[in-house]
Amino acid sequence: MTIVRPARLTVIGAGMAGSDAAWAAAQHGVAVDLFEMRPATTTPAHRTGNFAELVCSNSFGGEARSNAKGLLQAEMLAAGGLVMSAAAATRVPAGGAVAVDRERFSDFVTDTLRRHPLITVHTEEATELPSGVGVIASGPLTSDALAARLRERVGEPFLGFYDAAAPVIAGESIDHGVAYRKGRYGQAADYLNLPFSRARYERFYEALSAARRHLPHAWEELEFFEGCVPIEELARRGFDTPRFGPMKPVGLEHPVTGERFFAVAQLRQEDAAGRMWSLVGFQTGLKWGDQLEVVRLIPGLERAEIVRYGVMHRNTYLCAPRLLDATLALREHPELFIAGVLAGTEGYLESSATGWLAGTNAARRLLGLPPVVPPEASMLGALVRFLATAEAEGFQPMNANWGLVPVPAKQRRGPGKRERREQAYQQGLDAFVSWLGEMRSGAAAGLVAGTPEAPPVRQV
Ligand SMILES: Cc1cc2nc3c(=O)[nH]c(=O)nc-3n(C[C@H](O)[C@H](O)[C@H](O)COP(=O)(O)OP(=O)(O)OC[C@H]3O[C@@H](n4cnc5c(N)ncnc54)[C@H](O)[C@@H]3O)c2cc1C
């Protein structure tokens with residue numbers, strides 16, 4: 001019997017993403033050094049030293065077949081992801097949502113990883129980037145030392161420390177009879193414009209001024225740059241302030257009638273297919289219910305569906321479209337993979353799913369196999385494609401939503417929204433499962449054949 005030392009992977013962070021990354025790599029037969037700084041060094045949001053600690057809600061979102069998170073959950077269960085397997089094993093009743101007993105859930109993840117013979121846990125803060133193949137999954141509260149190293153590696157402008165996001169609207173919920181395309185002062189007509197009369201603006205302004213804000217913890221408090229002030233703060237400064245700022249009507253007369261408006265809100269395309277549009281300059285920390293009410297007072301958005309709510313909080317994340325490819329590798333440093341919030345996703349589930357993919361691809365790299373990207377119809381495939389190709393200017397983290405995948409188009413007397421989403425769910429899951437099968441048989445063939453690039457593996 002010859003024992004050859006297996007190639008090792010470094011994973012930084014044992015949160016949602018790092019836990020699934022370490023698990024996926026170990027399942028490929030790769031030895032993992034997993035660095036987690038808690039409990040010795042902690043973050044302002046975590047309370048324990050357990051892996052995959054749920055810092056706030058205990059829910060992974062709705063599991064219905066018409067729910068975008070439901071599709072991603074099903075994909076991760078099919079893939080054998082650790083976080084979703086732990087969620088399935090520790091569920092508590094929560095209507096249509098997958099919610100867990102948070103302690104049992106974290107214990108499950110921690111015990112599984114600590115017991116894995118290929119995973120070595122290091123309870124220490126990583127202050128340097130991995131020197132070989134690595135997955136960085138240190139999350140929204142990445143320690144300062146590591147954030148500094150990352151910033152040196154990727155360039156200062158491409159590592160954000162806060163999330164000042166505007167609501168993103170589903171394209172099919174916009175009233176295109178009201179919205180008109182035009183760029184300010186005759187520039188390229190890339191924007192959708194939503195025109196206000198004085199009366200409509202007054203109603204909107206009143207609601208905006210009365211809307212309730214999310215009250216951040218002290219450590220979440222932000223000092224706003226003048227270019228990034230929340231829309232409700234602009235309203236607080238005066239009736240005209242929003243319309244002299246992001247709602248400025250100048251240069252946006254109607255292209256057909258020539259009409260001038262009292263104020264104009266603008267929507268900018270978020271994805272190549274135009275399924276998602278963000279409200280320009282509307283970064284907001286309003287509570288979600290109030291946010292929806294205010295948005296629906298904008299002409300053309302009366303039936304708006306928000307696919308991603310605006311938030312204002314501390315968040316460490318990379319400008320994914322500038323830096324990452326869809327395999328989650330850094331384009332300039334392909335031995336380093338990024339996962340979770342740091343990669344530009346939002347949510348426990350999305351973080352764990354990108355962790356699984358980053359761990360899979362990092363392991364494949366060590367095994368001499370080509371990296372993989374799930375199919376476009378799947379939620380994970382759509383999410384990582386979005387990260388790699390989204391508009392880089394003002395990029396904000398994204399969650400699983402139906403704006404990412406191709407949902408069958410609305411047709412007169414055709415199936416309703418729920419049925420069309422259920423169709424997309426089935427297509428996405430089928431595509432993902434058959435892709436998994438192909439990947440696994442390909443990976444197995446690579447290992448069994450012992451390709452020349454294959455790294456040392458245990459041989460009997
Ligand atoms: C306060 C807050 C509340 C949130 N609430 C929710 C919610 O209710 N629902 C939801 O879906 N999402 C929520 N999120 C967003 C996000 O989904 C979670 O933060 C999620 O846990 C992110 O997964 P992650 O793996 O990227 O980061 P984390 O789960 O935070 O994991 C990162 C890990 O890396 C460790 N680490 C950091 N730096 C180092 C280092 N240098 N060396 C070693 N280890 C390090 C940390 O200790 C941590 O364990 C919240 C975020 C925050 C900040």
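**Exercise 1. Determine how many residues of domain 1 and domain 2 are in contact, and characterise the side of domain 1.**

Solution. Thirteen, written 13, residues of domain 1 are in contact with 13 residues of domain 2, where contact requires C-beta atoms, placed from the backbone, within 7 Å. The structure is a predicted model, in which local features need pLDDT of at least 70, side-chain atom pairs count only at pLDDT 80 or more, and totals for chains, interfaces and linings use all residues. Residues are numbered from 1 along each chain as its sequence is written. The next step is composition: the side of domain 1 that touches domain 2 has six nonpolar, four polar and three charged residues. Here Ala, Val, Leu, Ile, Met, Phe, Trp, Tyr, Cys and Pro count as nonpolar, Asp, Glu, Lys and Arg as charged, and the others, Gly among them, as polar. Domain 1 comprises 8-162 + 314-449 and domain 2 comprises 168-309, with bounds from an automatic or database domain assignment. Their centres, taken over C-alpha atoms, are separated by 31 Å.

**Exercise 2. Describe the shell around the ligand and identify the element that gives the most to it.**

Solution. The shell holds 34 residues, the closest being Gly-13, Gly-15, Cys-56, Gly-139 and Gly-340; a residue counts if its C-beta atom, placed from the backbone, lies within 6 Å of the molecule. Two or more residues come from each of helix H1 (16-27) and helix H11 (348-366). Helices (H or I, at least four residues) and strands (E, at least two) are DSSP runs, numbered from the N terminus. H1 gives the most, with three residues. By class, the shell divides into 17 nonpolar, 13 polar and four charged residues.

**Exercise 3. Classify the packing of H11 and H12.**

Solution. The angle between H11 and helix H12 (residues 379-389) is about 85°, and their axes lie 11 Å apart. Axes are lines fitted to C-alpha atoms, for helices over the stretch in contact, and angles run from 0 to 180 degrees between N-to-C directions. H11 is therefore roughly perpendicular to H12, a class that covers 65 to 115 degrees, against under 35 for roughly parallel, over 145 for roughly antiparallel and the rest for oblique. Glu-350, Ala-353, Thr-354 and Leu-357 of H11 meet Leu-380, Leu-383 and Val-384 of H12.

Note on methods: Contact = placed C-beta atoms within 7 Å.
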